[in-house]
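The sequence and structure are shown first.

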Amino acid sequence: MIVDVANFDRWLNSDTLQQKYNSSEVARDAQKVNTDAKMTELLTRLTEAQEKQAHRHGIFSWLKKK
């Protein structure tokens, strides 16, 4: 069973359930996984951009040497 915490709190007209969920270990683990995934994606994009930049300079590097 899946419960949408925000909708349930709106129905109860209280934010108690959301506060308890956010302080739970499950929520912290989910946030850590989400943060790790975003960081991995960011680092992958950064690495690709650096490789592309290095390759772009590598093509004409023989001109700079002469």
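This is a predicted model: local features need pLDDT of at least 70, side-chain atom pairs count only at pLDDT 80 or more; totals for chains, interfaces and linings use all residues.

## Nonpolar surface patch

On the surface, Phe8, Trp11, Leu12 and Leu17 form a nonpolar patch, and together these residues have about 420 Å² of accessible area. The largest contribution to the nonpolar patch comes from helix H1 (residues 5–12), which gives three residues.

Phe8, one of the patch residues, is placed in helix H1. The relative accessible area of Phe8 is 34%. Because this value lies between the 20% limit for buried residues and the 50% limit for exposed ones, Phe8 is classed as partly exposed.

## Packing of H1 and H2

Helix H1 packs with helix H2 (residues 16–23) at an angle of about 150°, and their axes are 8 Å apart. Angles over 145 degrees count as roughly antiparallel; H1 and H2 are therefore roughly antiparallel to each other. On the H1 side, the contact is made by Val5, Ala6, Phe8 and Asp9. On the H2 side, Thr16, Leu17, Gln18 and Tyr21 take part.

## Overall fold and exposure

The protein chain has four helices and zero strands. Along the sequence, its pattern reads α-α-α-α.

Of the 66 residues in the protein chain, 5% are buried. The protein chain exposes about 6,400 Å², of which carbon and sulfur atoms supply 60%.

Definitions and conventions. Residues are numbered from 1 along each chain as its sequence is written. Side-chain values use heavy atoms; hydrogens and water are left out. Patches are made of residues with over 30% relative accessible area and no salt bridge: like charges are joined within 9 Å, nonpolar side chains (Val, Leu, Ile, Met, Phe, Trp, Tyr) within 5 Å. Accessible areas come from the Shrake-Rupley method with a 1.4 Å probe; for residues, only the protein chains shown count as cover. A salt bridge is a side-chain nitrogen of Lys or Arg within 4 Å of a carboxyl oxygen of Asp or Glu. Helices (H or I, at least four residues) and strands (E, at least two) are DSSP runs, numbered from the N terminus. Buried means under 20% relative accessible area, exposed over 50%, partly exposed in between (1.4 Å probe, protein chains only). Axes are lines fitted to C-alpha atoms, for helices over the stretch in contact, and angles run from 0 to 180 degrees between N-to-C directions. Angles under 35 degrees count as roughly parallel, over 145 as roughly antiparallel, 65 to 115 as roughly perpendicular and the rest as oblique. Contact means heavy atoms within 4.5 Å.
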